[in-house]
Amino acid sequence: MKGYTVTVKPSGKSQVFPEGTLICDALLDMGIPLKTPCGGKGTCGHCRVSVTGNQPPRTPSEERILRGTPGVRLSCQVPLTGDVEIRVEERLRKKQRRVPHHGNDRPYGLAVDIGTTNVRISMVETGSGSSYHLDSFLNPQRRFGHDVISRISAASSGDVLKTMQALIRTSIFSSIADSLDALGISPERITCIAFSGNTTMLYLLLGKDVSPLGTYPYPVSAREFSSLTVRDLGETLLPETPLLILPVLSAFLGGDLIGGLALCHKNGIRKNAFFIDLGTNGELFLLDQSGLVHATSCAMGPALEGMNLSWGMTAEDGAIVHVTQGAGGLFFEIMGEIPPSGISGTGVIDLISILLEKGYIEESGVFASPADVNLPSPLSFGETDGIREIRIGNGIALTQVDVRTVQLAKGASLAASELLLKEARCSADDIEHVFIAGSFGENLNVEHFRRLGFIPEFKNASWEFLGNTSLLAAQKVCCDPRFLETATRLRDRTRELVLANHPEFQDTFIRALSFSRAPS
Ligand code: FES
């Protein structure tokens, strides 16, 4: 395969990449991550760079977004077809937030949540437990597939496992190096790095063979990861720093779920509780009346993280993050108060819920006929390439396929919840506490989320949105090493329900696809 040189101006840094490499991926590999909130669909416009040299013509989405800006390209849309020189506007580079200065001697830990779609890093003052967001970015392994199964199958061929490990390791450690540098914090003040994530993400970080995780009976080669240092990852930054990694239970239940379980336990939750971590991989546990722990997981896809939807994006500037209904029609809350360029997971949940409630979307998920309903302002029905859509404005739309994508996630999550209740011999009415975790957890509109029916009604329970418990658990590990012991003990008491090949899953899933309200 041919190779082409990418040179970054004004630094002059250059590197050769295979033909067809996307410019945004080349820049990431060169240590220049850009914001890519739409996941590279070419809809948000955040990844723009100036390009000179041999390059293919603009795509239709570039023509639409970049009109009147010659020489500028969306780096997620441009594969290398020749040598190029690139300039990145400073304001488009990812930035770190500031950490308050408390003198030079306070120890810090770093907490890293490796999600299938997003990676988040925070810094924790180990004495006080105060934490500060450092960075978040899309998992660079996404180029090998959006979900765990496609990553496992990609990692099984040739040198891809090594490439995937290098991608995640390099992106995390260059982010850490940049953050420490920007904050003026000496690396000696970092006492540990704690990692959380699902089993596949943690194995890929450690360079472990993931192929057994995708093949029945899905054996794991390690469930705990002790006595490791950064040096074991092959990194030279902070080489002696200990790695503290949350234990996993199985191929399907990783450190992220066990971390959530340990957090609930630390907060005194011991029975009649239901927890779900809504991510690309949904993970659930249930504490029954006698305090036994039952857990399972399901593939939900990245729709709720703003991916896999025509105009989906993460909650960055330009994202519609909330939709509300008022007397004059719908109102959109847009991050950054700039014209909208996409819609986030929370915005999609709001929008579908409102459209369902008013009958503009039927309980089967099908859009109502334009002849039968009048959409509220500013929405209108339309069709592009034979696919029906509800247009929001500024070129953004919710398509019939998008609703189906959300429906598949909701069906998987509701089916997994119902089968877990059945396995634990619990009724939904027995549950007293419902905990929703996920990167957007605390920003969800509860009523809209409940209307979509991702989980049973749980009408006797209090509902609480916990935010990103995977990252919170990693932060806790930094401050309290005994947290790992608690997590390991709880892991050993957990009974797993494996849904792959479960005889009732398919029928339950098909029933769970409907948006009909549960009978009360
Ligand atoms: S990441 Fe390139 S347009 Fe959104």
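A residue is called buried here when its relative accessible area is under 20%, exposed when that area is over 50%, and partly exposed in between, for a 1.4 Å probe and protein chains only. By this scale T486 is buried, because its relative accessibility is 7%. T486 belongs to helix α11, which spans residues 482-492; helices (H or I, at least four residues) and strands (E, at least two) are DSSP runs, numbered from the N terminus. Leaving aside residues up to four places away in sequence, T486 touches H265 and K266, where contact means heavy atoms within 4.5 Å.

The structure is a predicted model, in which local features need pLDDT of at least 70 and side-chain atom pairs count only at pLDDT 80 or more, while totals for chains, interfaces and linings use all residues. Residues are numbered from 1 along each chain as its sequence is written, and side-chain values use heavy atoms, with hydrogens and water left out.

The protein chain is assigned domain 1 (3-92), domain 2 (108-245), domain 3 (268-300 + 405-512) and domain 4 (303-404); such bounds come from an automatic or database domain assignment.

Consider next how domain 1 meets domain 4. Their centres, taken over C-alpha atoms, are 29 Å apart. To the contact, domain 1 contributes 9 residues and domain 4 contributes 13 residues. The size of an interface is often given as the accessible area lost when the parts come together. Between domain 1 and domain 4 about 770 Å² is buried, with 54% of it on carbon and sulfur atoms; buried area is the accessible area (1.4 Å probe) that two parts lose on being put together, summed over both. On the side of domain 1, the residues that lose the most area to domain 4 are P37, K41 and T43, which together account for 52% of what that side buries.

Domain 1 and domain 4 share 1 salt bridge, a salt bridge being a side-chain nitrogen of Lys or Arg within 4 Å of a carboxyl oxygen of Asp or Glu. The side chains of K35 and E316 form a salt bridge with an N to O distance of 3.5 Å. There are also 5 residue pairs in polar contact between domain 1 and domain 4, with both residues at pLDDT 80 or more. A polar contact is a pair of N or O atoms within 3.5 Å; within protein, one must be able to donate a hydrogen and the other to accept it, and residues adjacent in sequence count only if both atoms are side-chain atoms. The side of domain 1 that touches domain 4 comprises 3 nonpolar, 3 polar and 3 charged residues; Ala, Val, Leu, Ile, Met, Phe, Trp, Tyr, Cys and Pro count as nonpolar, Asp, Glu, Lys and Arg as charged, and the others, Gly among them, as polar.

The structure as a whole holds 17 salt bridges. One of them joins R106 and E125 at 2.8 Å, N to O. This pair links distant parts of the chain, 19 residues apart: R106 is in the loop between β5 (84-87) and β6 (108-114), and E125 is in strand β7 (residues 118-125). R106 is partly exposed at 33% relative accessibility, whereas E125 is buried at 6%. In another pair, the closest N and O atoms of R482 and D480 are 3.4 Å apart; R482 is exposed, with a relative accessible area of 56%, while D480 is buried at 13%. R223, E224, R491 and D492 are linked in a network of salt bridges.

Strand β15 (residues 319-326) contains H322. The side chain of H322 makes a polar contact of 2.9 Å with that of D350. Among the residues that H322 touches, not counting those up to four places away in sequence, are F331, F332 and N443.

Some backbone features remain. Most residues other than glycine have a negative phi, and most peptide bonds are trans. A cis peptide bond, with omega about 5°, joins K9 and P10, and P10 lies in the loop between β1 (3-9) and β2 (13-18). Y216 and P217 are likewise joined by a cis peptide bond, with omega about 5°; P217 is in the loop between α5 (199-206) and β10 (228-229). S227, placed in the loop between α5 and β10, has a positive phi near 60° and is exposed at 75% relative accessibility. D385, which is not a glycine, has a positive phi of about 50°; D385 is in the loop between β18 (380-384) and β19 (387-393) and is exposed at 76% relative accessibility.
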